[in-house]
Amino acid sequence: MMPLTGAVRACVACALLSATSAAGYFNIEEEKGPAQLKASVGDSIVFNCKLDFPNDVPIPYIMHWNKGGSTVFSWADGQLTAEDPYKGRVSPAHESAPSPTAEFTGAVNLTSIRESDKGWYECRVHFPNRTPSTRLNGTWFYLDVDGGTLLATPPINKTTLEGETAHFSCITKNRAHRVTWYKDGVPIPDIVELRQRSFVSPDGSLTIAPTAMGDPGEYMCEVTDGTTRQQASAHLDVQYKAKVMYSPREVQLPFGRSATLDCHFRANPPLTSLRWEKDGFLFDPYNVQGVFYRRNGSLFFSKVDEIHRGRYTCTPFNDLGTEGPSPIIDVRVQRPPVFTITPHNMYLRRSGDSVAMPCDAVNGGDVERPLIVWFKKDGTPLPRSRITMEGGNLTLVDIVDEDRGMYQCVASNGAATISVETELVLENTAPRPPYNLRAVSSTTSVTLTWLPGVERPQTQHSVWYRQADTPEWRTLRVGDAESTEALVSGLKAAREYEFMVLSQDEHGDGMFSKAIRVKTAGTSTVEEVQHEIREAIGSFQQIGPPRNVTVRVTGDGFLVAWDPPAFGVEDLKHYMVRWARGAPDSGYLPSGTDVTNDLSYVIRYLEEDRLYTIFVLSVNSNDMEVTSHPVSLYVPPYRSQRALSVGMAVGLALVAVAVAAAWYLREKQIKRMQQQQDDEASNLPSSNGKDSGKG
């Protein structure tokens, strides 16, 4: 045997290495095996072709999917292409297709499966910049299609331009089978927009002519033979040039504030650019201070100024072009409104009267009037049958108690909203008292509930209560504003108590509710009664009421005087004087309250021709209040009496003056007549002188 030379030994080693590598590769391919896939007609399936880069370094590649020795679809340069009958039915298995050099899993989605799609598929990868350009990394798939018994050719996804025709196949195996088409789950005959533009051919296919931009969606054909049902779906995408859908003729931008000018458009494919023009010239926000583009193409004004007024148009563009610019948008700069006439702060009226509250405004820097509306501040609606509006003036007739309160005149425009308030006060009208007072008692407490007389914000209530056989009233203020429930505790078992509720709001005190009597639970023994008598100064009565309350008229007003309590004076905090219109047995209308540490108090003013009830309360350091017996006081109509007295005095004075004048004239006349007589007597000749001359 001849010895092997070095060259021969090298060749043998190469052959053995090549044989070993090839055997190893084929063993790997045998271990890998084909992928078995199964789908029904109308379904979709994913061919997941794993990429195997040399040395795991991504390089440019091309992928081919072959069937029956021919390429049916390919991936190259970032694009997925397909041959008939696969056109429109294949897409990358991900939403966005990566570039050729980016990571791509090789997964392809085949939709609208047909029976003819059944068979073997091979995925091969080519590396155009490498020698050799192919590797033994192909992947085999076997697709088994369950064709069913009804549907032969399902519909496939369609993309068309607006105005063109869209055709969806839905070919049945038997033309006797019934075909029904749906758009997004709704039968097409029920869709008015499609009913006139679509028809179904005898083989079950759907045609839409012409297509409109509202047609995109999922279209499903349903085939049935009466017992069996089969469905298949496809999507329609209608593309069109970017177009303006709506353009307002006029837009008011608020002066000094931020604002947005929108261009209402639609575009498919998506918008690529938006062109704005102002007064016929290109308007570039990058060259205008304080104006910016938003992502949707709208113009954003950070602070509106007079320079922004003008005539604007917008023109949207996409890959297909544009339908043209919008109609002209007249942009005006709107200044905030300004009141020119405002109502008085308060109007005082009686029930049944009328009131006219003027209000008017203009837009700042303009003669146009803004929108003027009247509201009632507490939210209650205005009585439509009793109000009239002329311009901004509000007139309310036949005033009732519910009309009192705060009113707002509101003026608004695109720039701002302003308001002014006024109050309507009713004279001599008693507020409605709380009503429907109910009580639930226990051994030492009573829970009260009631309904407010009038629903108003910030209404406060206080509970007045006393033991039925005692004259002293105690009060409990309800802490929570607008609450209509209170718990009165610290009561005696098996005792009868009397309760009333007083409401107060921003208008003052209301009237007391009707009193109710409630007996606490439990029983009382003779010893308990005696103990209560012995401890008269107990938890309920720690201080006595003021005694001997009197009221008399003085030059300064009405002097209320009283004696100190019989007990508890050492714990006295102060006295509280309350006066209210009305009689004790007909309900009170509180008028005033004041605090003093003296044993007298002067009420400076009370309305004339009114009946008042006056209380004096003792208040101790624990804020316990005990009320005296009420004192009634009638205030006479002093003014009318004074007027009558003055009239009588003036009349008497006039009579006296007349008498004096008559007496004076009479005396003067007598004196004048006597003087005349004296003068006549002095002018007569003397008889004695004549006689002596003759003699």
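Helix 4 covers residues 638-682, and L665 lies in it. Helices here are DSSP runs of H or I with at least four residues, strands are runs of E with at least two, and both are numbered from the N terminus. This is a predicted model, where local features need pLDDT of at least 70, side-chain atom pairs count only at pLDDT 80 or more, and totals for chains, interfaces and linings use all residues. Residues are numbered from 1 along each chain as its sequence is written, and side-chain values use heavy atoms, with hydrogens and water left out.

Back to L665. Its relative accessibility is 54%, so L665 counts as exposed; the cut-offs are over 50% for exposed, under 20% for buried, and partly exposed in between, with a 1.4 Å probe and protein chains only.

Now the disulfides, meaning pairs of cysteine sulfur atoms within 2.5 Å. How many are there by this rule? The count is 4 disulfides. With bonded cysteines counted along the chain, the pattern is 1-2, 3-4, 5-6, 7-8.

Take C170 and C221, whose sulfur atoms are 2.2 Å apart. The torsion about their S-S bond is about 80°, so this disulfide is right-handed. C170 sits in the loop between strand 12 (166-168) and strand 13 (171-172), while C221 is in strand 18 (residues 217-224), 51 residues apart. Both C170 and C221 are buried.

Next, C263 and C314 are bonded with sulfur atoms 2.0 Å apart. Their S-S torsion is about 70°, so that link is right-handed. C263 is in the loop between strand 21 and strand 22 (264-268), and C314 is in strand 27 (residues 310-318), so the pair ties together parts 51 residues apart in sequence. C263 is buried at 7% relative accessible area, and C314 is buried at 1%.

Then C359 and C409, again a disulfide, with sulfur atoms 2.0 Å apart. Which hand does this link have? At -85° about the S-S bond, the link of C359 and C409 is left-handed. C359 and C409 are both buried.

Strand 25 pairs with strand 26 (residues 299-301) over 3 bridges, and F292 stands opposite F300 in strand 26.

Terms used. Two strands pair if DSSP finds at least two bridges between them.
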